Amino acid sequence: MFTAAANETLRLRFSGPAARLLLTRPDGQVNGPGLPAEMVLLAKGKYILRVTTNTTSDDSYGDFQLEMRLVGKP
């Protein structure tokens, strides 16, 4: 869970086994599975980023790296 200001940009970098990324917005709506590497978060509030295994893929378990950054408006 993280808090973002309106119009901040979320940047994601994921490496590892096949996974599903889901983002729950402050209004309860969910984006995913699968998210772009960069997206503008339109609403101020708390977001939940969930990483789950993709059980339909071979070798879907193991170590992974996730980097996320919030970048403010210029």
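Two strands pair if DSSP finds at least two bridges between them. Strands (E, at least two residues) are DSSP runs, numbered from the N terminus. The model is predicted: local features need pLDDT of at least 70, side-chain atom pairs count only at pLDDT 80 or more, and totals for chains, interfaces and linings use all residues. Residues are numbered from 1 along each chain as its sequence is written, and side-chain values use heavy atoms, with hydrogens and water left out.

**View 1. Strands β3 and β4 pair in the antiparallel sense.** Two bridges join them. Thr24 has Val30, in β4, as its bridge partner. Both strands belong to an open sheet of four strands, in the order β1-β6-β3-β4, with antiparallel pairing. At the edges are β1 and β4 (30-31), each pairing on one side only.

**View 2. The largest nonpolar core has 11 residues.** Such a core is a set of buried Ala, Val, Leu, Ile, Met, Phe, Trp, Tyr and Cys residues joined through side-chain atoms within 4.5 Å. Buried means under 20% relative accessible area, exposed over 50%, partly exposed in between (1.4 Å probe, protein chains only). Among the members are Phe2, Leu21, Met39 and Tyr47. Two or more residues each come from β1 (2-4), β2 (8-15), β3 (19-24), β5 (38-41) and β6 (45-53). In soluble globular proteins, nonpolar side chains tend to be buried together.

**View 3. Gly32 lies in the loop between β4 and β5.** Gly32 is partly exposed, at 41% relative accessibility. Beyond four places in sequence, Gly32 is in contact (heavy atoms within 4.5 Å) with Leu21 and Leu22. Leu21 in turn touches residues including Phe14, Pro33 and Val51.

**View 4. Thr9 sits in strand β2.** Thr9 is buried, with a relative accessible area of 14%. Leaving aside residues up to four places away in sequence, Thr9 touches Glu38, Met39, Val40, Arg69, Leu70 and Val71.

**View 5. Arg13, Glu67 and Arg69 form a network of salt bridges.** A salt bridge is a side-chain nitrogen of Lys or Arg within 4 Å of a carboxyl oxygen of Asp or Glu. Glu67 meets Arg13 at 3.9 Å, N to O. Glu67 lies in β7 (residues 65-71) and Arg13 in β2, so this pair ties together parts 54 residues apart in sequence. Arg13 is exposed, at 58%; Glu67 is partly exposed, at 28%. Between Arg69 and Glu67, the closest N and O atoms are 2.7 Å apart.
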